[in-house]
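Please read it alongside the sequence and the structure.

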Amino acid sequence: LRIDELLIPEEAKKIIKESSIQKLYPPQKDALLAGALDGENLVLASPTASGKTLVAELCIIKHVLEKEGKVLYLTPLRALASEKYDELKKYSRLLNRNGGKIRVAISTGDYDSSDPWLGRYDIIICTNEKADSLLRHKPKWIHEVSLVISDEIHVINDVSRGPTLEVVLTRLKDINPSAQFLALSATIRNAKEIAEWLQAKSITTEWRPVKLLEGVYLRGVNHFNDGSVVSIGTSDYKDPPINLAMNVINRKGQALIFAETRRKSATISRKAALALKNVLTKQEKKVLKIISEKILSTGERTRISDQLARLIQNGASFHHAGLTSTQRRIIEDAFRDGRLKIISATPTLAAGVNLPARIVVISSYERYESGYGRYPISVLEYKQMAGRAGRPKYDNMGETLLVARTEDERDYLMKSYILAKPERIWSKLAVERIMRSHVLATIASEFTQTEEGIYEFFDKTYYAHQYDSRSIKKVILEVLRYLHRQKMFDVDGSNIFATKFGRRVSELYIDPVSGVTIRDFLTKRVNKVTELTLLHMVCHTPDIYPKYYPRKKEMSELEAYIKVHLEELAYSIPDELVDKIQYEVFLGEIKCARILNAWIEENTEDDIMETFSIHPGDLFRLVNTTEWLLYASYELSRLFNRKDLLPQIIDIRNRIEKGVKKELLPLVSLDGIGRIRGRILFNAGFTTTADLKRAPLKELTNLPMIGSTVAKRIKEQIGGFVKKDEWDKVKEDKILEQTSITDFN
Ligand SMILES: Nc1ncnc2c1ncn2[C@@H]1O[C@H](COP(=O)(O)OP(=O)(O)OP(=O)(O)O)[C@@H](O)[C@H]1O
Ligand SMILES: [Mg+2]
């Protein structure tokens, strides 16, 4: 089926063909034959890179161009949302039936808003979590949504992200029963079951654009699933993943190596860099040098950025959630452009962005998670990693190799992964911890006003479809008891309705237990409220996750610290003899508060890494959550009449956002000025924006880290007189300091 033959507007065809797509891939054809363009609900389960997005795009075109519909595109990650946004923006050149331009929006931040502005947009891309929070605010435009696309719906299986997705889809279906639902999924065993739940047709394909050979590597020999055995020898590189990768590099390919831990991924990339060093051309090294300089000039310099820069110069890199989002983006782009030859990543990359490679090496089929220890990965995870092999426009084949150490292991891997079918997807919804928030939302947003209504709603979830209604009802009952005890809703006859507290907690999109934790602090008297008190309050909530467990050698220092600051603690210390675990969790909360304190005392990222063994990526996620919880605390302080705390909360929230002492707040409010430049300006005597306004341009550009571009930007924001020749004299330069940390995941 050719694009030209499709029943969609000509201008849309033109745009599709511009991305050099002429004919439909088989799964795309299947989807259209099943009625995708006629409003059929569909679950399309198909391998990585088999073109599921285009099916979504064609449906979008139908809805927006021909039906004046509105599209909600849901993704599990912020990074994926922005990838989709970039892909869909090309349609904003088109006109809808009323002659207006198609508008595409992305919304992933601020969970306390109905974003009424989204009402003006035709295509809205957001994360599942953002959609959940939007639904709680009941935006009017939600009723206009005529097409819901759920990308990567197999995420339902995920313990932490799955339940939200499930509830969002149930809710959307409840509100807009006539909307079309299009769910896209990796290949899974029970796509049909999900389809039944969504009253959709299911299409499952194994088709992929590039042939994929899957095999096991043992002592220099690849044993493939098609029966072929290929020896690559072990003479050149001892280390199996490096040996496999270099074998492909020598044939002008690129390699993606999956490692079980962050530490392993770093070790492997070091070995990769050593191996690559001797095979790169001068020209290649020159380009890599530029990329490594880019890594050094974004954000603060840390041992990680130094490490990355050294590796990248030699064509290798590691990639994991401890990196900042900017670092990750630079690395991904460099790999996509073919500059970087080898990336060694933790499995988080497999579920993320589109990053194909000629060969994927899975160096260990075990996965490590702190708190859980070691366990074998699932077939689904394996398939997701394996599916990254083969770059559509460059390779005619992709290879995936699992590394085995013995014959037995080779046979085991062949049987349990390569020849195995992926697992079924199971709902993870019916857990009290998770249900609290969703039950509260159901009441607070007045989706129902009776207890019966709550059961009816959750009876429509995938969980109820897959298991039975009774077991989820039991959990709901427990949750209702808790929420009622905590005064989050009231009962009047057969009616239930949220209290102001309950409604606000639901809207603020925090765990109800966090709401209770904050309220309990606000409604009891505390001797002395300092920064530590507020940080401790936040760190005590379950929304701060993962928890920080103190290491053995940190214990006594933390205990000494607590002794000195006893009066400032927000909650009292559990008795070590009664509950040792509780006690250690408590110490962990204090540790967490100290990390945040170090951040706002302007310790460098590198110092914080060294002192607390926490990677910048983790620090930024912690900072982001803390900022949100402080916003929630501000809102709840107003509700519980603690106006006395408001100024303090505002201050510390701003400081957390920027990572600065209070005196720097006026300076860092400027665009382009982050914690580092702010400090440089302050120490040079420019302590207010008025000082900056008076300063001659030259005096600013003389300072380190303040180039002409930054100086200009300062002046443009605060006014002040600059002579023309002064403007002309300053040269352009392009090094930008990261000024806010609002973009993670
Ligand atoms: N019919 C086609 N002809 C040529 N290229 C295509 C066609 N359809 C899609 N592509 C290209 O294939 C690539 C992968 O497509 P897409 O991102 O939709 O994969 P996917 O099925 O969503 O995979 P994943 O499970 O990884 O998300 C894209 O670069 C896309 O432009
Ligand atoms: Mg996709």
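Tyr111, Tyr509, Trp628 and Tyr631 form a cluster linked by ring pairs. Rings of Phe, Tyr and Trp (its six-membered ring) are paired if their centres lie within 6.5 Å; planes under 30 degrees apart count as stacked, over 60 as edge-to-face and the rest as tilted. The model is predicted, so local features need pLDDT of at least 70 and side-chain atom pairs count only at pLDDT 80 or more, while totals for chains, interfaces and linings use all residues. Residues are numbered from 1 along each chain as its sequence is written, chains are lettered from A and ligands numbered from 1 in the order in which they are written, and side-chain values use heavy atoms, with hydrogens and water left out.

The ring rule gives 15 aromatic pairs. One of them joins Trp426 and Tyr467, and it is tilted because the ring centres are 5.7 Å apart and the planes stand at 40°. This pair links distant parts of the chain, 41 residues apart: Trp426 is in the loop between helix H14 (407-418) and helix H15 (432-444), and Tyr467 is in the loop between helix H17 (462-466) and helix H18 (469-485). Helices here are DSSP runs (H or I, at least four residues), numbered from the N terminus. Tyr467 also pairs with Tyr463, and that pair is stacked, with 4.5 Å centre to centre and 25° between the planes.

Buried means under 20% relative accessible area, exposed over 50%, and partly exposed in between (1.4 Å probe, protein chains only).

| Residue | Relative accessibility | Class |
|---|---|---|
| Trp426 | 33% | partly exposed |
| Tyr467 | 35% | partly exposed |
| Tyr463 | 11% | buried |
| Cys59 | 1% | buried |
| Cys592 | 2% | buried |

How many disulfides does the structure hold? The count is 0, where a disulfide is a pair of cysteine sulfur atoms within 2.5 Å. For Cys59, the closest cysteine sulfur is in Cys126 at 18 Å, too far for a bond. For Cys592, the closest cysteine sulfur is in Cys539 at 3.2 Å, which is also too far for a bond.

Charges over rings come last. A charge sits over a ring if NZ of Lys or CZ of Arg is within 6 Å of the ring centre and within 35 degrees of the ring normal. Arg171 lies over the face of Phe447, 4.0 Å from the ring centre. Lys473 lies over the face of Tyr455, 4.7 Å from the ring centre.

Definitions and conventions. Helices (H or I, at least four residues) and strands (E, at least two) are DSSP runs, numbered from the N terminus.
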